[in-house]
Amino acid sequence: MTMSAGWYLRRLSRMGPQEVVGRAGDTVRRRRWRTAHPSVPSVSGARFTSVLPAGALDAVPPDAEKRLVAEADRLMHGHAEFFGVVRDDLVDPDWWYDPKTGRRAPFGYAFGVPYRDEETVGDIKQIWEPSRHQYLTRIAAAYALTGDERYAERVAEHLRSWWAANPPLRGVHWISGIELGIRLLSWVWIRRLLDGWRGVHDLFEDNPVAVQQIWHHQRWLAGFPSRGSSANNHVIAEAAGQFAASCAFPWFPTSEQWRDSALKSLDRHLRGNTFHSGLNRELASEYHGLVLELGLAALAEADAAHVPVPATVRIVLLRMTDALAAVVDARLRPPRQGDADDGHGLVLDGAGTDRWGSLLATGDAVFGRLDWWPDVTGTDVRTPLLASLIDAGAPNVRRPAGRPHRLADAGLTLLRARTATGEIWCRCDGGPHGFLSIAAHAHADALSVEVRHDGVDVLADPGTYCYHGQPEWRRYFRSTIGHNTLELDGADQSVSGGPFLWLQHARSRVLESGPARWTAEHDGYRPSTHRRSVELDADTGELTITDEVRGQTRDARLAFHIGPEVTAELTGHRALLTWSRDGEDRSAELALPDALSWTAHRGESEPPLGWYSAGFGRKEPATTLIGTGTTDGATRYTTQLRFRG
């Protein structure tokens, strides 16, 4: 996907004057750096002192260690999976190769590589992901826990290979700041985890190539920060990586300056990216997890290096952790809201480790859990290692006395009921369209609902699937018809200007929000207004959704996306839903509005309809029920979901 002149004009229209000036400066700097050959400051006597405290590795639970070592062994044999693509070539990786398309990114000055053009470069996400080196942090952690030098030697081989193949400012790995920031954080942890290995000094502080790479990464991040309408999770990853490296590798004359600037940016943008309630302002659950991981990792570096941080850093991370505890379902799954690309800040665990349980466990170890938090039964490697570096204790701020059902500033309401067969969990969306002027990771999902029964997606948010290279699928998964809400006249509620750009944002307003009833409306179809009410009967578990359209006569489509574990049989205006959980059969009946004509769709491609994406790069057929009709200016549609045994 290449960007047209029209896209650049639309993108420019969403910038303020200060951002335009900053980006103009970036352009000048990129041109100047093409021919610049800066000298890396000489480093002598550099040492790494930010090691794990004694006993930290002993605190790793045996089952978590077993999962990690099994994962490391798979990686040692070259086996890995990135975004649904299985690879077996990681014994000796080609750092520029995309196995999905079979293409290899071109060499050249980094800022001249058309990385959005899949025909030229391949799928850039497939190329970038291994070079975050988070699979190497897993192998390094296996060394730290077992002492087996095979793991350390493999990590060293791959780092030296990467450094040789990716000289500063050459190729696709020097284009995006988030990639450089996360990669630096990985290198810090690799150095920490290999500390007992005899070759670690020759790999890092006594290695001129490693020192050069670290310096150039930090110089890049200081020169090209994400700014203005792009100051979302990317700028936090950049600041966290820069801060971590400045604390752990304080070897350069500019290290203190870089550290202080990165900490200032991290503090500012953690606050700016987070609602007071603790939810991430992008309203994309996976980015909430990414930012929380990055923030906790940065806090660990600060405390390990005895660098004071503003109190607001800990306060924001505490609130983010409490917010996560508030919104997860019975299986510790957060909402599937907004974009998701499987991005992680720090990876130290093997497959099968619950990401969200791990974050809550870390929150408990660092800040202390509240009585209303859900129980976490799983184990992980990352929590005891992070907690060993962080000064534990909750900031002296007021925390929720009970589990919140509403996070008002984020427009998120949760209706919950406990039945004999499990928890009914319903997320109602009445919040802002997204974050900043472009709302890059938002979906056109105003007033959408998401319903689960004991953690099973019944009315599901279909997910994200892709970013670049497949524009028709990108449009579908972020569209209004791709969510459990009402579409009018075949158009999205908000107006898109590109894959990460929204030109007009639907504005939602919550009118009522209680533990059992929610009402909101949005103006995305003005002069018409779509109003929705959702009511959950706590005794019976029956859910009633009422949609009202006020205004002009419009063509309407009401969508309900059924989760992939659920079978749906549509008969007239009723759908029987069946599934199994833990060996027990479950069922529900969906009574649909009889003023609409209902059809079932599954796995259709022209146009896309009836899909579910469990993770980035993966999709599978799932049933979508579509009701079509015409509003008459004062139309009401009522849908009832009744759970059975």
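I searched the whole structure for salt bridges and got 56. The model is a predicted one, so I note that before going on. I kept in mind that side chains of opposite charge can pair when their charged atoms come close.

**Entry 1. Glu71 and Arg138.**
I looked at this pair and found their side chains joined in a salt bridge, at 3.4 Å from N to O. The two residues come from distant parts of the chain, 67 residues apart. I placed Glu71 in helix α3, residues 62–76. Arg138 belongs to helix α6, residues 134–146. Are the two buried or exposed? I checked, and both Glu71 and Arg138 are buried.

**Entry 2. Glu119 and Arg103.**
I turned to Glu119, which makes a salt bridge with Arg103. Their closest N and O atoms are 3.1 Å apart. Glu119 sits in helix α4 (residues 118–121) and Arg103 in strand β4 (residues 103–104), so the bridge ties together parts 16 residues apart in sequence. I then looked up the accessibility of each partner. Glu119 has a relative accessible area of 60%, so I logged Glu119 as exposed. Arg103 has 24%, so Arg103 goes down as partly exposed.

**Entry 3. Arg271 and Asp267.**
I found a salt bridge between Arg271 and Asp267, with 3.3 Å between the closest N and O atoms. Which helix holds the pair? I traced both residues to helix α12, residues 255–272. Arg271 and Asp267 are 4 residues apart there, so about one helical turn separates them. Asp267 is buried, because its relative accessible area is 10% and the buried class means under 20%. Arg271 is partly exposed at 41% relative accessibility.

**Entry 4. Cavities.**
Rolling a probe the size of a water molecule over the atoms shows where empty space is left. How many cavities of 30 Å³ or more are there? I counted 5. The largest cavity holds about 110 Å³ of space. I listed 13 residues in the lining of the largest cavity. Nearest its centre are Leu279, Ala284, Ser285, His288 and Gln337. I asked which elements give two or more residues to this lining, and they are α13 (285–304) and α14 (311–327). What is the make-up of the lining of the largest cavity? I sorted its residues into 9 nonpolar and 4 polar, with no charged ones.

I went to the surface and found a nonpolar patch formed by Leu9, Leu12 and Val20. Together the three have about 260 Å² of accessible area. Leu9 lies in helix α1, which covers residues 5–13. Leu9 reaches 60% relative accessibility and therefore counts as exposed. I also checked Arg10, which has its place in helix α1. Arg10 is partly exposed, at 31% relative accessibility.

I compared Arg10 with Glu542, which is 532 residues apart from Arg10 along the chain. How far apart are their C-alpha atoms? I noted 45 Å between the C-alpha atoms of Arg10 and Glu542.

Technical notes: Residues are numbered from 1 along each chain as its sequence is written. This is a predicted model: local features need pLDDT of at least 70, side-chain atom pairs count only at pLDDT 80 or more; totals for chains, interfaces and linings use all residues. Side-chain values use heavy atoms; hydrogens and water are left out. Patches are made of residues with over 30% relative accessible area and no salt bridge: like charges are joined within 9 Å, nonpolar side chains (Val, Leu, Ile, Met, Phe, Trp, Tyr) within 5 Å. Accessible areas come from the Shrake-Rupley method with a 1.4 Å probe; for residues, only the protein chains shown count as cover. A salt bridge is a side-chain nitrogen of Lys or Arg within 4 Å of a carboxyl oxygen of Asp or Glu. Buried means under 20% relative accessible area, exposed over 50%, partly exposed in between (1.4 Å probe, protein chains only). On a 1 Å grid over the protein atoms alone, a cavity is a set of points where a 1.4 Å probe fits but cannot get out, and a pocket is an open set with protein on both sides within 12 Å along at least five of seven lines; lining residues have an atom within 4 Å of a point. Grid points are joined across faces, edges and corners, and a volume is the space filled by probe spheres set on the points. Ala, Val, Leu, Ile, Met, Phe, Trp, Tyr, Cys and Pro count as nonpolar, Asp, Glu, Lys and Arg as charged, and the others, Gly among them, as polar.
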